[in-house]
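Subject: Structure handover, aromatic pairs

Dear colleague,

Please find the structure below, for your files. My notes on its aromatic rings follow.

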Amino acid sequence: MSNSHQTTDPFEPGPRREEVHGARFWPDTLFVDLSEYPDEVQSYDHHELAFWDDCNLGILVAMAARMHEQLHWLQTVGTTFGRFLATNRVTTGDLADAILTTATPRELGLLIDARRRSIPPALRDRTGRLSHEIGYSSTLQSLFDHWWSTVALEHYLVDSGADLLGPIDPRFMVGLSMRYAVAGNRPIDVFNAPDAGFMEATRDFGPRDASRTYKAASGLTVRHIEETAALVLQLITKASLAEMLTEQRQSDYAAQTSRWSLERFLDDRQSLYTKALLYYAEHVPATDPHRFFELLLLICDIALNPRIPDDGSPLGSDWSDFHPVCRFERLVAALEGFVPDTRKVDGHPSPQWWEEERYRLVKRAGISDGAKDRSFCSAPKVTPDALEAPSDHIRAFLAKAGANLTTLRERYPSAVVSPIHALIGDTDGLVALTDTFDGPSFDPPLNIRSFGDGEPSPSIDTRSYVHTLFALTSRRATHSWLVRAGSLNFQGLPTDTVGLKAQQAAIERLSQLYGIET
């Protein structure tokens with residue numbers, strides 16, 4: 001096992017991105033960054049789709065690429081696994097604050113001094129062990145261990161980062177994050193639980209297997225599943241938009257989108273995007289190209305929706321029903337002998353197809369489906385203050401988005417699975433429904449445009465945008481101070497006037513609460 005030190009901030013999950021133009025979605029800041037696109041195609045309005053004869057084709061190019069990133073937003077807040085990970089990141093923030101709050105003046109002074117000597121306070125080797133001797137108290141050491149568990153769990157579940165686990169049982173890590181998720185704004189209740197039997201009881205909240213780790217034969221990761229779904233959706237969107245154009249405009253549009261062909265991605269350099277697709281294709285005959293890809297999108301969504309209780313109950317399932325890669329493999333195996341419904345309405349599956357085929361696949365694979373369970377969707381009636389309680393504010397923001405998207409999924413079964421199908425089927429109805437929601441929903445609510453300018457989508461008002469930006473920036477500042485020496489890292493956040501004010505407020509918060517100067 002390698003003993004090399006972490007060189008990047010382990011709090012930052014790698015951004016989900018579309019490589020052609022460099023668009024990306026940051027799971028930890030929830031921002032979609034389209035700043036590398038030309039100005040005229042960074043924004044689009046769904047109502048533009050009514051003007052097929054003269055609309056700017058660049059807007060349609062942007063829409064296909066934007067749909068890639070939109071699916072990553074939907075995967076984060078519209079699936080049970082995504083919301084579990086998002087809630088786990090909030091827990092990471094809670095524990096980071098707890099470290100600085102709990103540290104005695106002497107310990108905090110030692111941490112500050114270490115950082116001045118270019119030693120990050122939370123510096124660890126690849127096994128997760130603290131790699132310096134600062135002399136923490138046992139309480140602070142335990143907080144660092146709990147904090148690291150939430151960080152390592154993200155990497156383990158999404159990227160199979162088993163080298164970060166060290167001696168920690170990942171079943172315990174899942175159970176610990178579940179307990180903290182249920183505790184919400186009372187993480188102290190978990191941390192102060194009696195030591196006797198804590199490890200065993202917490203492990204029992206996680207997967208029930210006798211084995212510490214999940215078993216997967218495909219070599220896939222959750223990121224492969226997420227990126228394959230986003231790529232397929234992007235290509236379906238491109239094809240669907242082209243069908244609505246005149247023959248001449250189809251030719252012009254094809255010239256603009258030629259770099260997005262599937263063939264371009266089917267090589268080892270793009271295996272992140274196609275590895276899950278190729279595994280699926282090995283087991284499923286492509287008898288109907290449209291149904292072939294739509295079925296894949298449905299399988300990816302089911303895989304990302306295990307049943308995860310948020311009421312204080314144990315997980316109650318094995319790795320094979322909890323981990324999306326295991327679920328994906330089981331769903332693909334269940335396709336042997338499966339005959340999909342190929343009936344079409346205007347060339348596309350009917351709205352009922354997504355519901356009916358989902359039921360058939362879940363039953364054949366013998367797995368749970370938590371897509372409509374509303375786990376981690378309980379929002380407080382009053383949104384907490386962004387600066388005084390940034391974690392609580394982010395929790396409420398995520399819960400509102402999850403509740404709204406579950407309602408949207410109930411009305412439009414394809415909305416989170418394949419947004420383009422929901423839009424093509426009933427754009428006006430879908431937009432009208434989302435307009436009734438309070439808070440974030442279908443469209444990514446937080447966006448970065450040219451020159452780092454931040455911009456909310458119409459789903460949230462300016463006040464909500466600013467407060468959420470301040471809360472997310474505060475979280476990033478705290479983590480950056482713990483895991484990096486030198487200047488704080490604000491990647492994945494706007495750098496316009498409001499963004500810089502949020503950064504300054506986050507820096508002042510560190511100073512006022514903990515006496516930390518950066």
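Phe292 has a relative accessible area of 9%, so this residue is buried (under 20% relative accessible area; exposed is over 50% and partly exposed in between, with a 1.4 Å probe and protein chains only). Its ring partner Tyr280 forms a tilted aromatic pair with Phe292, at 4.9 Å centre to centre and 50° between the planes. Rings of Phe, Tyr and Trp (its six-membered ring) pair if their centres lie within 6.5 Å; planes under 30 degrees apart are stacked, over 60 edge-to-face, and the rest tilted. Because Tyr280 lies in helix α11 (residues 271-283) and Phe292 in helix α12 (residues 289-303), the pair ties together parts 12 residues apart in sequence. Tyr280 is buried too, at 0%.

The model is predicted: local features need pLDDT of at least 70 and side-chain atom pairs pLDDT 80 or more, while totals for chains, interfaces and linings use all residues. Numbering runs from 1 along each chain as its sequence is written, and side-chain values use heavy atoms, leaving out hydrogens and water.

The structure holds 14 aromatic pairs. One of them is edge-to-face: the ring centres of Phe31 and Tyr465 are 6.2 Å apart, with the planes at 75°. This pair links distant parts of the chain, 434 residues apart, with Phe31 in strand β3 (residues 31-33) and Tyr465 in helix α18 (residues 462-483). Helices (H or I, at least four residues) and strands (E, at least two) are DSSP runs, numbered from the N terminus. Phe31 is buried at 0% relative accessibility, and Tyr465 is buried at 4%.

Ring pairs also join Phe81, Phe84, Tyr156, Tyr214, Trp319, Phe322 and Phe376 into a cluster.

Regards
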